[in-house]
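Here is a short briefing to read alongside the model. Take a look at the sequence and structure, then follow the points below.

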Amino acid sequence: MIAETVCSAASAAGLGIAVVTAYRKRFLAAARIAAYSLVPVGLVMTGVVGWLADTAFSPTAWAGFGVLGAAWALFAATRAVERRRGSTRADRRAAARGERRDVVAPTASAPSLGSAARPAAGRPAPSRGTGSGEDFSDIEAILKKHGI
C-alpha cells in the first residue's frame, strides 16, 4: 500500500515538472520527463511493485538469490580453470601427446607460420648480420616512414 502511494506521488511530481517544462517551450524534454514519470504508475498497475515488495521481505527469495550466486561463482571458477588448462578435452589430449605443431615451441626463435612466414614484397627483409643479436631494422623502417 505504501509503495503504491509513493509511486503515485512520484508520478504526479514528475508530471508537474513536465508541465512546467512544457510551459517553458521545451516540449521534447517535457515529453521525455512525462514518459519517465509514468513508469512508476505503470509498474504499480502491472503488479511488479507488489511482486518486488513480496520478494524483498521473503527469506525464501533471499535464499534463492544466494543459491543463484553460488551457482554463478561455481560457473565462473570452472571457466577460469578451463581457460588455464586448455579449452577442450581434445585440445588438452593433443597438447599432452605433442600433436599441436602450429604452436611456437618454447625455444623457437620465430613462430612456425608455414607459408605466411615469407616477408611481403614491399617490405625489406630483416638483416641478420648485426653483431649485437637484436634486429631493429623493422623499427627503423617504421620510424623513417613517419619521419622520425
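Read along the sequence, this predicted protein follows the pattern α-α-α-α-α-α. That comes to six helices and zero strands, where helices (H or I, at least four residues) and strands (E, at least two) are DSSP runs, numbered from the N terminus. Because the model is predicted, local features need pLDDT of at least 70 and side-chain atom pairs count only at pLDDT 80 or more, while totals for chains, interfaces and linings use all residues. Residues are numbered from 1 along each chain as its sequence is written, and side-chain values use heavy atoms, with hydrogens and water left out.

**Whole protein**
- Of the 148 residues, 9% are buried (under 20% relative accessible area; exposed is over 50%, partly exposed in between; 1.4 Å probe, protein chains only).
- Among contacts (heavy atoms within 4.5 Å) between residues at least 6 apart in sequence, 26% join residues at least 24 apart.

**Helix 2**
- After helix 2 comes glycine 47, with a positive phi near 95 degrees.

**Glutamate 4**
- Glutamate 4 lies in helix 1 (residues 2–23) and counts as partly exposed because its relative accessibility is 29%.
- The C-alpha atoms of glutamate 4 and glycine 50 are separated by 8.4 Å, with the two residues 46 apart along the chain.
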